Amino acid sequence: MNSALFVAKTGLSAQDTSLRVISNNLANVSTVGFKRDRAVFEDLMYQTQRQPGAESAEGSQLPSGLQLGTGVRVVGTQKLFQEGSIENTGDAFDVAINGRRGFFPVTLPTGETGYTRHGQWQINSDNELVTAEGFVLQPGITLPAEVQTLTIGQDGQVSVVTAGNTAAQNIGQIQLADFVNPAGLEAIGQNMFLETNASGAPILNSPGEGGTGSLLQGSLEGSNVNAVEELVNLITTQRAYEVNSKVISTADEMLSFVTQQL
């Protein structure tokens, strides 16, 4: 009877982790460029008391065995990189990636390269394009003084018009990084991802090339969290947690009956 208690305990633990994943998704429903997670479950090892296919007598085999599961666990969380909805903001420094693939590369304070879908750019004291945390875009885009208009093309070409000069000047190009397995990237917060062995090395392309999305100036990519879907998952998780709690209560009642009768 104790085994049922331990199996139900693994169910409670797994659903608690699932609830944490769902709550993080809902908390980031308005985060620009956020990609939702989902919990990945797997069953635990089995106790085999009768092996399927074993001989029960000469010339006959067991059609099925007796295998008792020991529970469940969350083996991982998977990032889902479906594209979020595109919102028109009208701000020249807002840039959305119109497509599922592609990340903006930026330089982190550690010297590492981070990757983000968050295109809400600002400028620092050196007139460089940076994230809200001050991380510089790679390759760097530095705006000249007295910029009147900033134009970012779908292919990443950046041009400006300055005071006293009506001709547009090209000052650089934004590139996007792509990965063989984006789900293998390490999420570190601040809308940033890091390269890992699972993701593979970054492949730099001009926007719109190599399968990467094109750029949309004056727009932002919203979170890909579907609040309705997450609420349904929340209800499912709650019911699964209640059922596992009921198993523990039932096992406790059965143990109580045994101790009182013997």
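Q: Why is Asn191 called partly exposed?
A: Its relative accessibility is 27%. Buried means under 20% relative accessible area, exposed means over 50%, and partly exposed lies in between (1.4 Å probe, protein chains only). Asn191 therefore counts as partly exposed. The model is a predicted one, in which local features need pLDDT of at least 70, side-chain atom pairs count only at pLDDT 80 or more, and totals for chains, interfaces and linings use all residues.

Q: What makes the phi of Asn191 worth noting?
A: Asn191 has a positive phi of about 65 degrees although it is not a glycine. Most residues other than glycine have a negative phi. The place of Asn191 is the loop between β18 and β19; strands are DSSP runs of E of at least two residues and helices are runs of H or I of at least four, numbered from the N terminus.

Q: Why is Gln190 called partly exposed?
A: Gln190 has a relative accessible area of 47%, and is therefore partly exposed. Gln190 is likewise found in the loop between β18 (186–189) and β19 (192–194). Its phi is near 60 degrees, a positive value in a residue other than glycine.

Q: How do you know whether Ser219 is buried or exposed?
A: Ser219 has a relative accessibility of 9%, so it counts as buried. This residue is found in strand β22 (residues 219–221). Beyond residues up to four places away in sequence, Ser219 touches several others, including Ile86, Glu87 and Asp94, where contact means heavy atoms within 4.5 Å.

Q: What makes Asn224 count as buried?
A: Its relative accessibility is 12%, and Asn224 therefore counts as buried. Asn224 is found in the loop between β22 and α2 (227–261). Leaving aside neighbours within four places in sequence, its contacts include Phe34, Arg36, Leu80 and Phe81.

Q: Why are β14 and β15 called paired strands?
A: Two strands pair if DSSP finds at least two bridges between them. Strand β14 (residues 147–152) and strand β15 (residues 157–162) are joined by 5 bridges and run antiparallel. Thr149 stands opposite Val161 in β15. The two strands form a hairpin with 4 residues between them, and Gly156 in the turn has a positive phi of about 95 degrees.

Q: How do you know that β15 also pairs with β16?
A: β15 and strand β16 (residues 165–173) share 5 bridges in the antiparallel sense. Ser159 stands opposite Asn170 in β16. Their hairpin has 2 residues between the strands, and Gly164 takes a positive phi near 80 degrees there.

Q: How do you know how the chain compares with a compact globule?
A: The globule rule is 2.2 Å times the number of residues to the power 0.38, and the radius of gyration is taken over C-alpha atoms. A compact globule of 262 residues would have a radius of gyration near 18 Å, but the chain has 27 Å. Its C-alpha atoms fill a box of roughly 100 × 45 × 30 Å, taken along the principal axes.

Methods. Residues are numbered from 1 along each chain as its sequence is written. Side-chain values use heavy atoms; hydrogens and water are left out.
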